[in-house]
Amino acid sequence: MGCGNFFFTVLITLSVALITYNILISANAPLKHDLPGPSSRSAFLVDPVIKMPVERSSSGKKRLFHTAVTASDSVYNTWQCRVMYYWYKKHSDGPNSEMGGFTRILHSGKADKFMEEIPTFVAQPLPAGMDQGYIVLNRPWAFVQWLQKADIKEDYILMAEPDHIIVKPIPNLSKDGLGAAFPFFYIEPKRFESIIRKYFPEDKGPVTKIDPIGNSPVIIGKESLKKIAPTWMNVSLAMKKDPETDKAFGWVLEMYGYAVSSALHGVDNILYKDFMIQPPWDTEIGKKFIIHYTYGCDYDMKGKSTYGKIGEWRFDKRSYDTVMPPRNLPLPPPGVPESVVTLVKMVNEATANIPNWGS
């Protein structure tokens, strides 16, 4: 058993090294480590209005995309994936939907008991210690494996996350070789230009070519993603190994890795602000397609937000890191925004209808 584990670790390490070499040659973007970078990040309060019009094709032919979600086998990731898959199934055949197949890319290296409930591809994690405790680095490596080995019928991919709830059927928002991505106000390549230049050299153009995105949510052509994914993996690993970059980017480091890699391969993105909302800051569903429940929602019983302080009523995914949320969570008090009410109702509907919930 020990020899087998050693052989597998060596094989994975050699694969990573080979992919790295190929990317450095093809992208002509050497990963240097000799430029200084900022030592701290600051908070930004204003989300810029960044949006491009998206025209629907008049050909009538659907451009199906495959929804892919990377996840660990933790209780925390698993219950979110089960809820997410419930709503994917509910909306995949709806009006204007171009949602094709679905895959949970499980980067634990082994099958779990939910393989029959959720279509799943088992990917190997990075060799022990390579992620330096930043488990998100397994995401690009998992995509590399999936794209190489899986039989993906669709020509496009939607990269989503476990804590996404699909609110309505999603059309293919990409167009003319462009990806479609949600713009994040805290991804600011221009602000970190000196550090970005380690990975995006000047001969590649201005840093404004790097979109303010992460890998998710993004709808992108499958062939484009096959080119980007190995670069995304290696740029992210290089960023994590560099102390200045790691300190500057923190928990969004892998998002910067994807944004830089997309630009290195010349793949631009429609910055589609109606892609999703993030309660409690976004209060209305409107025309959005996804609820991303990354932030905790805390309110007093009069419906007033107590963000930053545990409220008399709260919903926070982190409350359920080791146990699944129970069925029939209490609804928010009157006055709480539509987005939060809808979120809890959708979680409750999913848990009420998923067989063997809690097991």
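Predicted model: local features only at pLDDT ≥ 70, side-chain atom pairs only at ≥ 80, totals over all residues.
Trainee: How are the rings of Tyr 85 and Tyr 88 arranged: stacked or edge-to-face?

Mentor: A pair of aromatic rings is described by the distance of the centres and the angle of the planes. For Tyr 85 and Tyr 88 the centres are 5.7 Å apart and the planes meet at 15°. Planes under 30 degrees apart count as stacked, so the pair is stacked.

Trainee: Why are Tyr 85 and Tyr 88 separated by about one helical turn?

Mentor: An α-helix has 3.6 residues a turn, so residues three or four places apart point the same way. Tyr 85 and Tyr 88 both belong to helix α2, and the reason for the spacing of about one turn is their separation in that helix: 3 residues.

Trainee: Which strand holds Phe 102, the residue that pairs with Tyr 88?

Mentor: The rings of Tyr 88 and Phe 102 form a tilted pair, 4.9 Å centre to centre with 45° between the planes. Both residues are buried. Their pair links distant parts of the chain, 14 residues apart, with Tyr 88 in helix α2 and Phe 102 in strand β2.

Trainee: Which helix do the buried residues of α8 pack against?

Mentor: Helix α8 covers residues 338-353 and reaches 22 Å from its first C-alpha to its last. Its buried residues include Val 340, Leu 343 and Val 347. Among the elements that the buried residues pack against are the strands β5 and β9, together with helix α2.

Definitions and conventions: Residues numbered from 1 in each chain as written. Heavy atoms only, no water. Helix = DSSP H or I, 4+ residues; strand = E, 2+ residues; numbered from the N terminus. Expected span 1.5 Å × (residues − 1). Buried < 20%, exposed > 50% of the residue type's maximum accessible area, 1.4 Å probe, protein only. Contact = heavy atoms within 4.5 Å. Phe/Tyr/Trp six-rings, centres within 6.5 Å; stacked < 30°, edge-to-face > 60°.
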